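Hello,

Here is the structure you asked to look at. My notes on it follow below.

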Amino acid sequence: SEAVVAVNVAIVARRLGAGPAFAAIAGLLFALFAQIHFSDYTAMDDPQWLGHALQTTALVLLLRHGGTVGLGRLAAAAALLLLGGLVKQNLVALPLSATAWLALCKPRLLLSWGVLCLVGLAAVAALATAAYGRPFFDQVIFDHRGFTGTTLAWVGLHVLPFLLPFLLLG
C-alpha cells in the first residue's frame, strides 16, 4: 500500500503539470520521507497505508489528463475515498481537499459529487446499522479521541521542521 501511495504521488504530480522526471522524483521523495521519518510504519500490519492507497487512487481518478471527469470516474473516486475512510476513519483530509478542489476548479461537478458522497455515506450508514446496530456509531464514529493541544505542539515541533523544505518547494 505504501508503494501504491508513492506511485500515486508521482502520477498526481505529473497530472498537475510536473515533467516526468520531477513527477518521479516527487514519488521517490515521498517514499524516502516516509521511510526516514515513519520507518515503524513500513511493512506494518496497519490499515493506515491501505486507506491512503485507496484515497490517493481516488485523487488520480479525479485528476484526469485533459481535465474531463465523467460521472463514472467521479463515482469511482467518491467510492474510493469512502472506502479509505472505512478502512481508517481518521482519513478525512483528502476527501475534504478533493471537495474543496472540485468547488474551486470544477464547480459544475460539485452537485453530482455531493449527491454521490451523500448516497455513499447513507448506504454505509444503513449497512453498518443493519450489521452492527448502534454500537458501530458509538465505537467508531462517536468514540472520544485523545487529542490535546500538547499533541499538536509536539507534532509542530517534531514533524514540521522536516516538512518545511517540502512546503517551500511546493
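**What was found**

Leu-74 touches Leu-62, Val-69, Leu-102, Leu-109, Ser-112, Trp-113 and Leu-116, leaving out residues up to four places away in sequence. Contact here means heavy atoms within 4.5 Å.

This is a predicted model, in which local features need pLDDT of at least 70 and side-chain atom pairs count only at pLDDT 80 or more, while totals for chains, interfaces and linings use all residues. Residues are numbered from 1 along each chain as its sequence is written, and side-chain values use heavy atoms, with hydrogens and water left out.

Leu-74, Leu-62 and Trp-113 touch the most other members of the largest nonpolar core, which has 13 residues. A nonpolar core is a set of buried Ala, Val, Leu, Ile, Met, Phe, Trp, Tyr and Cys residues joined through side-chain atoms within 4.5 Å. Buried means under 20% relative accessible area, exposed over 50%, and partly exposed in between (1.4 Å probe, protein chains only). Two or more residues of this core come from each of α3 (47-62), α4 (71-87) and α5 (93-105), and α4 gives the largest share, 5 residues.

The chain as a whole has 9 helices and 0 strands. Helices (H or I, at least four residues) and strands (E, at least two) are DSSP runs, numbered from the N terminus. Of the 170 residues, 25% count as buried. Among contacts with a separation of 6 or more, 66% join residues 24 or more positions apart.

There is also a nonpolar patch on the surface, with about 1,100 Å² of accessible area together; its residues include Phe-22, Ile-25, Leu-160 and Phe-166. Patches of this kind are made of residues with over 30% relative accessible area and no salt bridge, with nonpolar side chains (Val, Leu, Ile, Met, Phe, Trp, Tyr) joined within 5 Å. Areas come from the Shrake-Rupley method with a 1.4 Å probe, and for residues only the protein chains shown count as cover. Helices α2 (20-37) and α9 (160-169) each give two or more residues to the patch, and the largest share, 6 residues, is from α9. Leu-160, in helix α9, is partly exposed at 43% relative accessible area.

Finally, Glu-2 lies in helix α1 (residues 2-15). Glu-2 is buried yet has no salt bridge, and the nearest side chain of opposite charge, Lys-88, is 14 Å away. A salt bridge is a side-chain nitrogen of Lys or Arg within 4 Å of a carboxyl oxygen of Asp or Glu; Lys and Arg count as positive and Asp and Glu as negative, with His and the chain ends not counted.

Regards

How values were computed
Patches are made of residues with over 30% relative accessible area and no salt bridge: like charges are joined within 9 Å, nonpolar side chains (Val, Leu, Ile, Met, Phe, Trp, Tyr) within 5 Å.
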